[in-house]
Structure formats: C-alpha cells, structure tokens
Amino acid sequence: MSLVTGAIPSEAGGSRGTTENLIVTSFQNNNNKQMQIYFMNSGEEQQLISEIGAGQKVEIRSLPAHVFVVYDMQGIQRETFVVTSSKKKQTFRIRNYDMVEAVFYNNMPEGSGDIEVFWLNDETKDGYSNGWVKMNHRLKVNTQTGHRFAVYNKDRSFRMDFNVTAQTGHSQLFVIQNRVEITLQNPKNSKHPFVQLYWINNNNKDSNIKKDEEYEHHQIGIAVKAGESFHFYAEPNHKFVAYRTTEDGKHPESMVGDFSVTSSHGETQVFTVGG
C-alpha cells in the first residue's frame with residue numbers, strides 16, 4: 001500500500017514553502033509493527049504526518065532539509081531522517097527493531113569483484129547465502145545478536161569472518177576489505193598534547209636514494225589530541241613514525257614512536273603512543 005499526502009508539511013508559522021524543490025520522500029517500514037511518522041519543523045514542533053503499517057510504504061511530499069521523526073505505537077522514538085536529496089525522490093527505510101541490521105560494505109580494491117555473504121549456522125555447521133554485494137555497495141541483512149557470518153570472493157581465495165555483537169534494534173556495519181585497519185591512540189595521560197602520524201614510503205624504488213638517506217614521509221590524517229584516537233587503513237609491513245606536534249599538525253617537534261604493521265589482511269592493529 002502506498003500513500004501520497006496532498007500537502008507539504010508546514011513549517012512554524014504556517015508557511016508551506018514552494019513546490020519548486022519538491023521531493024517525494026518514501027518511507028519503507030521493514031519492521032513487523034505499525035509505526036508513526038512525524039514532521040519536525042525548525043522550531044522542533046512535531047506534527048503527525050502518517051501511520052505506516054508493517055511492511056508498507058508511504059510517500060510524502062517534502063522539501064530539502066525537512067526533518068522526519070519515526071515513533072513506534074508506544075511513543076518510543078526510533079528514527080530521525082533528514083531530506084538531503086538533490087533529486088526528486090529519496091527513500092528512507094525503517095529498521096526492524098526486533099532484529100539486528102547487519103550491513104556488509106564491500107570496500108575491496110578495484111577489480112576484486114563481488115563478494116558473497118553467508119550466515120553460519122552454529123548448530124548444523126552449514127552456511128546459507130544471503131546474497132552478493134558489489135564493489136562499493138552495501139548489503140543489509142536482518143539477523144540476531146551472536147550470529148556469525150563469513151564472506152567470500154568468487155574463487156574462494158579470500159575470506160573474512162564477522163560476529164554480530166550489536167543488540168536487538170540496532171545496526172552494525174561490517175567492512176569487507178583486505179587491508180589492515182589501524183587505530184592510532186594518543187592516551188589521555190600522554191605527555192604529548194598532539195601527535196601526528198607519518199607513513200614511511202619504504203617502497204620507493206628510486207635508485208638515487210642512498211642507504212643512509214631517509215625515505216619520504218607522508219602525513220596520515222590529522223593531529224591526534226591526547227585522549228583521542230584516529231582510524232585508517234594500511235598494508236602489512238607498512239612502517240610509520242609518530243611526532244609530537246602542534247594542534248594543526250604542521251610543526252613536528254620530536255619523534256615519539258615508530259610502528260610497523262604486523263597484522264594480516266582483514267585484521268586490526270592498534271598503535272599506542274607512549275606516555
């Protein structure tokens with residue numbers, strides 16, 4: 001069932017704007033319960049726009065920057081959506097709050113091809129395909145806390161395993177990639193207010209570089225404040241150095257650590273700057 005309301009939701013003061021930038025906003029209720037959609041104006045006042053049944057779709061005429069809030073029938077706020085589309089249509093999907101939404105994102109390098117996602121049944125030890133996810137695309141699967149998944153490429157030369165740890169009603173993102181996910185931590189009790197990380201380009205094949213000459217250093221991300229961390233991706237055996245620096249990261253003062261990636265593709269590793 002699809003419903004298109006006749007009026008654009010009104011802003012505070014009764015202004016309904018113009019239809020020049022009209023966007024048809026679709027809401028797909030993937031929950032198994034009825035929900036309510038409210039429009040919230042710039043004064044944070046809310047008005048009921050529509051109720052939407054389980055598995056149903058509702059279309060609402062709206063404008064860019066309009067905000068919609070979704071509640072269940074007990075009055076619990078479940079979702080907030082902001083209309084951002086530059087086109088004439090935008091779709092919002094209301095999650096199933098009795099399940100965990102597992103999102104598999106294929107971030108494999110160009111040319112790696114599609115990835116197949118399998119749910120692993122711990123009782124039967126069988127694997128059940130949930131479908132394929134193309135490069136730079138996402139596949140959403142409704143599942144349960146504690147479920148396990150494995151992903152493969154077409155020739156089964158690549159595999160990653162994932163465990164669902166999110167609680168019911170929440171979403172969990174799984175990034176499929178064959179690089180190493182690195183976390184740089186600058187501890188809260190660190191002696192260094194700001195730290196900047198650099199990658200040492202030791203793969204440079206320039207024959208003019210002498211044995212005692214330093215390789216190129218490439219700045220990674222921004223300066224990390226004490227008590228904060230920074231995430232990025234690297235390759236096994238890559239080498240990095242960390243420098244105490246200023247807040248803008250442009251004035252390195254002294255080296256405070258050196259790190260090597262020892263983890264394998266698809267794994268994670270933490271670099272912690274000494275106190």
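Strands here are DSSP runs of at least two residues, numbered from the N terminus, and the views below show a predicted model.

**View 1. The loop around asparagine 121.** Asparagine 121 is found in the loop that runs between strand 9 (115–120) and strand 10 (127–133). Because its relative accessible area is 14%, and buried means under 20%, asparagine 121 counts as buried. A polar atom of the side chain of asparagine 121 lies 2.8 Å from the backbone nitrogen of glutamate 123. When neighbours within four places in sequence are left aside, asparagine 121 is in contact with Asp126 and Tyr128.

**View 2. The aromatic pair of phenylalanine 27 and phenylalanine 81.** The count of aromatic pairs comes to 17, and one of them is the edge-to-face pair of phenylalanine 27 and phenylalanine 81, with 6.0 Å centre to centre and 65° between the planes. Since phenylalanine 27 lies in strand 1 (residues 23–29) and phenylalanine 81 in strand 6 (residues 77–82), the pair ties together parts that are 54 residues apart in sequence.

**View 3. The aromatic pair of tyrosine 198 and tyrosine 243.** Tyrosine 198 and tyrosine 243 form an edge-to-face pair, 5.7 Å centre to centre with 90° between the planes. Tyrosine 198 belongs to strand 16 (residues 194–201) and tyrosine 243 to strand 19 (residues 239–244), so the pair ties together parts that are 45 residues apart in sequence. Tyrosine 198 is buried, at a relative accessible area of 10%, whereas tyrosine 243, at 22%, is partly exposed.

Notes:
Residues are numbered from 1 along each chain as its sequence is written. This is a predicted model: local features need pLDDT of at least 70, side-chain atom pairs count only at pLDDT 80 or more; totals for chains, interfaces and linings use all residues. Side-chain values use heavy atoms; hydrogens and water are left out. Helices (H or I, at least four residues) and strands (E, at least two) are DSSP runs, numbered from the N terminus. Buried means under 20% relative accessible area, exposed over 50%, partly exposed in between (1.4 Å probe, protein chains only). A polar contact is a pair of N or O atoms within 3.5 Å; within protein, one must be able to donate a hydrogen and the other to accept it, and residues adjacent in sequence count only if both atoms are side-chain atoms. Contact means heavy atoms within 4.5 Å. Rings of Phe, Tyr and Trp (its six-membered ring) pair if their centres lie within 6.5 Å; planes under 30 degrees apart count as stacked, over 60 as edge-to-face and the rest as tilted.
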